[in-house]
Amino acid sequence: MLCVLALAFPLVAGVIALAMPWRAWIGWVSALSAAGVLGVGIALCVEASSGTATTALHGGLRADSLSSFMVVVIGCVSLLATLQTPRVMGREIAERATTPRHASLYVLLMQAFITCMLAAVLAANLGVLWVAVEATTIATTFLVSHNRTKKAFEASWKYVVLCSVGIALAFFGTVLMYFAALHSGVGAPHSASLNWTALMAMAPHLNHGVMRLALALLVLGYGTKVGLAPTHSWLADAHSQAPAPVSALMSGVLLTVAFYALLRCKAIADAALGPAFPRALFLVVGLLSLLVAAALLIAQRDLKRMLAYSSVEHMGLLALGAAAGSSLAISAVLLHMLGHGLTKSTLFISSGEIAHAEGTTEMAKVTALLARRPVLGGIFGCGLVALLGLPPFSLFISEFAMARAEVDAGLWWVVALSLLCLSVIFVSITNHARHLLLGAASSRPMVLNARSVAVPLVSALVVCAFIGVVSWPLLTLLHAAAHVVA
Amino acid sequence: MNGSFYVGALELAAGAVLVCAVITLWRRQIRTIVTMLRLQGVALAVVAGVLAWHEHDLGLAFTALLVLAVKGGLVPWLLRRVVRHDPRSRETAPLMNVPSSLVAAAILIVVSYIVTSKLTDLAPSGATRLVPIGVATVLVGYFMLVTRRRAVSQIVGLLLVDNGIALVTFLLTSGVPLIVELGSTLDVLLVVVVLQVLVVNANAQHGSFESDEMRELRD
Amino acid sequence: MNINSPLAYAIVASLLQVVVIALGGPLLLGLMAKVRARAEERVGAPIHQPLRDLRKLFTKESLRARHSSAVLAIAPLVILGSTTLAVVISPLVTTHPLLRSSSDLFVIVYLLLTGSIAVALAGLDAGTAFGGMGSSRAITIGALAEPALLVAVIALSIQAHTSNLPAIVAATIAHPVWAATPLRLLALAALVIVVIAETGRLPVDNPHSHLELTMIHEAMILEYAGSDLALVTLGAAMRLGVLCALLVNLFVPWGVATGSSLLGLLVAVLFLALKTSVLAVAVALIEVHSAKLRLFRVPELLAGGFVLAVLAVVTGLVTR
């Protein structure tokens, strides 16, 4: 029941956006639905902490601790993003940058996007998971091209073509897993063979050669959606050309949902093949992503592209954590997902405000933000501090725990390499931040009037700091969720 | 006799899928390419239909009809609409000229045969022996996606990849559970709709929409 | 009436093949011209016109260019001789021709290749610009068509487990169900393209044009006159005949004599005439409906034929 409720909230908001012409309160309705999702997520976590998973729709939806945690993450980030909708859309309509019809379409697509992500994390069946992830690609394409500039169309074209190719590969991998399950020698009725629980049960009997090929295809396929190298080239374009709340949602949570799919598949592969081969695969893509991100961040000129490449870096870190595979590692990965989601969405939303206020996203042309726009600059600066993994924010704890788990697994050389990349990234981003934020103001400082920007973003940063310092209420939840796939 | 008819029909239909893919790489007229895609959709539906008839599977039969309607009918029709908006309907200058592309396709076909022999060893049967044909179609589709400049040619490459994977799905596992198949077909349709709308919108607002001219977003 | 000695039977059969192809090749040319004329709503020349042209040419004096060498003189004999040898050992009316064990696909392909190389060299020998240009074009097309030809016949030999052409024909007669397999259809498509290229028909080459831009075969034999020209033309006609006959016999072999009776041989001749006429009409209709390809588009066509042949081989390996 709760699972269905989680899906119902954004669906209803979407239907309202479809049925009625644009009004400002429609934006508030979408924010309300996101709050509802967050509430349901917390309730699901409480229920899952009792040990059993909640199911709905005849076992079609399943919420164990991991899924419930993901619902909470989706709820938090979508709340942040949808709170911006009334203001951003109102401003765009006032400036004639968009029409009321396109604003309604924007809200509808956002709700569809959130529904698909929720369906992906609540799906009991790997096939339904795949369908939901593919559906997110379709839902977000027109969100990326919302600004209707030539660059936006180019970005959405690259996005949809590259992600569709990746998703097709992931489908191939899923089919191969199904094929291995059908011929595993364990008698199971046809329709049950793609359910995650059924696959986990028969994992030791799955053919090794087929599973290796399946995992490689899944990593390559879902990895495209996660933004891992070598299929990361769509990320910078799509996240930089989309409107700021959309980038926040995509970078904050869509990448994480795709990574969740990878975690589920890795659990089956670990049970079938042993930890060696999956670890090797994840290490390769994780290190490659870190290297690519480090290389491309040094000479970055565009503000949003810098944030996008930082997402690639963090997804690489997630892959390295998943490669370690222990319970501590996965707990750290999940905490990192939450922290990254909050931080990145804060950064993207404030970067959207900066872009609108300054009229450009080129970092060379923006300077002295702390002096000229103190609130905005302050939020952006704190966000960058959080992103770089400095205490007291939660990313520090999660990165530290991941490094600890990797050393425990004997991967000290991986830790050394990733620390090297992280140092390079630290220096690059700090350099860009120095240019953006510091300097003397040549004009009077302009105070940001809208509370709808400052209040949610500051709250998000405070929550991030809070969970970085205090272990309750997340510790038991993280352990339970990690136990599902570790 | 039934057995050999079943295997023969499967061979013919699967072979037709790959031949359509190769002809797509060969011809320059986009109209011919779209016709080849339609034939490929029909051949794919025939593969699913023959398998459904052989295994008395109603779900698979329904899937065959769905594939016929969507991949053999709707998707080529949508592609026609994209081409109609675009006056230039010939692939004028691919990144790799046609004879070299064809030789590369021949190499890819041989490679796919070598690589997938391990897969078919798990469950050798009349249907799984033909899996290399599906994998070859996927590789040819990728090749087309990478070496063509026109937006429509890239969509066609994507569709070839999808069709190849669908063929492998039918041959290996006689289709996945119905809901997944429905979702997958719907997704293909929606992707083509999305791409069509993108191309039309971009053309309307900015003139041409050539993948080769998309060079503004760069590091 | 049976001929008991296999050697005598083989000699009779091969002689019959040579006569049939020597007469039938020019008749096929005439048939194609007639079909083309009818399609263009003309009456056209009678079908045996090429034979009359050959007879006329044999009575004329052959002139040779002053600065040409023995190559110009020998080339007509080479093309005629190699084509005749290919006819002798091919399975055209029987599956037991002379020298059956040597009747391998590589041997026949390279015998035909010898003929085309001889004509190309002759085109260069006279030292004119047209000749050299025609030779280079012909060799280019030949270089692209040979792999397709070889791979397509290799595909057939994978199915029949032998590369001996008479054995392939006999095996196909014994297994009629092979005729509709995808391997056969793909190999047929590839071989049709190759035959059109090798015999110089549209859309690869226009046999009636004498314009510099469009001549290929005609350019090479421009310097020939009289009986030399007759020999070259007869050689080219026999080449067309043997390629068409091989094509029909590899794919639709019913009618080829497998036993050892004379009556079977005569029936086989009739069937061969019928099948090659059908093929010739089909090729002529393709000619009527297509325009000549620009020279740098011809590699596209031949590469397509090559890929179809590779597909045939892979299909054969997959469905073995």
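Domain bounds, as used here, come from an automatic or database domain assignment. On this basis, chain A of the predicted model is divided into domain 1 (1-124), domain 2 (144-274) and domain 3 (295-486). The C-alpha centres of domain 2 of chain A and domain 3 of chain A lie 24 Å apart. Contact between these two domains takes 25 residues from domain 2 of chain A and 26 residues from domain 3 of chain A.

The size of an interface is often given as the accessible area lost when the parts come together. For domain 2 of chain A and domain 3 of chain A, the buried area is about 2000 Å², and carbon and sulfur atoms give 76% of it. On the domain 2 side, A236(A), F259(A) and L263(A) lose the most area to domain 3 of chain A; together they account for 23% of what that side buries.

Polar interactions were also counted across this interface. One salt bridge is found between domain 2 of chain A and domain 3 of chain A, along with four residue pairs in polar contact, both residues being at pLDDT 80 or more. A salt bridge joins the side chains of R305(A) and D237(A), with an N to O distance of 2.7 Å.

The interface between chains was examined in the same terms. Chain A contributes 46 residues to the contact and chain B contributes 43 residues. Between them, chain A and chain B bury about 4200 Å², with 76% of this area on carbon and sulfur atoms. There are zero salt bridges between chain A and chain B, and one residue pair is in polar contact, both at pLDDT 80 or more. On chain A, the elements giving two or more residues to the side that touches chain B are α6 (126-144), α7 (150-182), α9 (208-226), α10 (233-241) and α13 (303-324). The largest share of this side, 21 residues, comes from α7(A). The side of chain A that touches chain B is made up of 26 nonpolar, eleven polar and nine charged residues.

Confidence scores complete the description. The model has an ipTM of 0.90 and a pTM of 0.85. Chain C has an average pLDDT of 88, and 99% of its residues score at least 70. Among the elements of chain C, the mean pLDDT is lowest in helix α8 (residues 217-220), at 84, and highest in helix α2 (residues 49-58), at 93.

Terms used
Residues numbered from 1 in each chain as written. Chains lettered and ligands numbered in written order. Heavy atoms only, no water. Contact = heavy atoms within 4.5 Å. Buried area = accessible area lost by both parts, 1.4 Å probe. Salt bridge = Lys/Arg side-chain N within 4 Å of Asp/Glu carboxyl O. Polar contact = N/O pair within 3.5 Å; in protein donor to acceptor, adjacent residues only side chain to side chain. Helix = DSSP H or I, 4+ residues; strand = E, 2+ residues; numbered from the N terminus. Nonpolar A, V, L, I, M, F, W, Y, C, P; charged D, E, K, R; others polar. pLDDT = per-residue confidence, 0-100.
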